[in-house]
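Happy to walk through this one with you.

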Amino acid sequence: MSRFADVAGRYVYLTVQGVEYRVYFEEAGSGTPVVLQHTAGCDNRQWRHLLEDPDVTADFRLIAVDLPYHGKSLPPTSERWWTTEYTLTEEFLLAFHVAFVEALELDRPVYMGCSMGGHLAADLALRHPGSYRAVVGIEATLHSHGMERILPWLYHPEIGNDTKPALMHTLCAPDSPEEFVRETVWVYSQGAPPVFKGDLEYYMVGHDLTESAREIDTDRVGVWVLSAEYDWAAPPAACAALAAEVRGSHFVPMTGIGHFPMSENPARFKQIVLPVLREAALSGQVAAVRA
């Protein structure tokens, strides 16, 4: 008998900043909705292990989206996108996710993202606290300034496209299972050449909550910051600094794991994230009572 994954994929048409996008997403499970955001230059395949885990999908409706220009979400046909260099902005990301939640008619979901998606967790908590019951920022920090000097190397004719997945390999923990580290790197090898650099314009330049993180109101939206032990891009001290600025937030160290916990070591990540999601789901009930 054939074995099928209990995951469904479909497209939704979203209008963001006046442009219509055909957006792909996959979902599995039932219960509290959880919107999942991939890292820069990647796509929703990073979340496949969580989507196929019955211990998680028994209580949560997991929804993993591909941003436009990523995975199966193609560039918009109404735009001459090839005439300008791709650049991701904070304003677009915020508008995209609010539109996505509204289109799927989600009732104050949990948002969870990693790296670029982790930064976005804090930005959503600050700018749109009423749209989510909680946000989970994996490898989220106040900013990632100082690394932007590498951006020109990431889309250059004299530097091979293999550079990007090789760089991602260095962000994985030494004890993560090799088959999943290799899978993580493989998925990274398939992004369109300019997209990784364009995403990092938000990650390394645009995102900065140094002066505003303390304005996040955890009475309106729960905030969790998850920090991996092996991550030179977002070291534990940087993640802890964000959590320290957000009163009432939760800081969760992740030992023995790297920058891509959901894909490089799904079994270890499940142990960490399942209790977090269960507590984050209750954030909505507390907020509703207070309202």
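Predicted model: local features only at pLDDT ≥ 70, side-chain atom pairs only at ≥ 80, totals over all residues.

Residues are numbered from 1 along each chain as its sequence is written, and side-chain values use heavy atoms, with hydrogens and water left out.

User: How many cavities of 30 Å³ or more are there?
Analyst: A cavity is a set of points, on a 1 Å grid over the protein atoms alone, where a 1.4 Å probe fits but cannot get out. Points are joined across faces, edges and corners, and the volume is the space filled by probe spheres set on them. With a cut-off of 30 Å³ or more, the count is three.

User: Which helix gives the most to the lining of the largest cavity?
Analyst: The largest cavity holds about 150 Å³ of space and has 17 lining residues (an atom within 4 Å of a point). Helices here are DSSP runs of H or I, at least four residues, numbered from the N terminus. With four residues, the top contributor is helix 7.

User: How many charged residues are in the lining of the second largest cavity?
Analyst: This cavity has a volume of about 60 Å³, and its lining includes G41, N161 and K164. Asp, Glu, Lys and Arg count as charged; Ala, Val, Leu, Ile, Met, Phe, Trp, Tyr, Cys and Pro as nonpolar; the others, Gly among them, as polar. Beside five nonpolar and four polar residues, the charged count is one.

Methods: 1 Å grid on protein atoms, 1.4 Å probe; cavity = no way out; pocket = protein on both sides within 12 Å on 5 of 7 lines; lining within 4 Å. Helix = DSSP H or I, 4+ residues; strand = E, 2+ residues; numbered from the N terminus.
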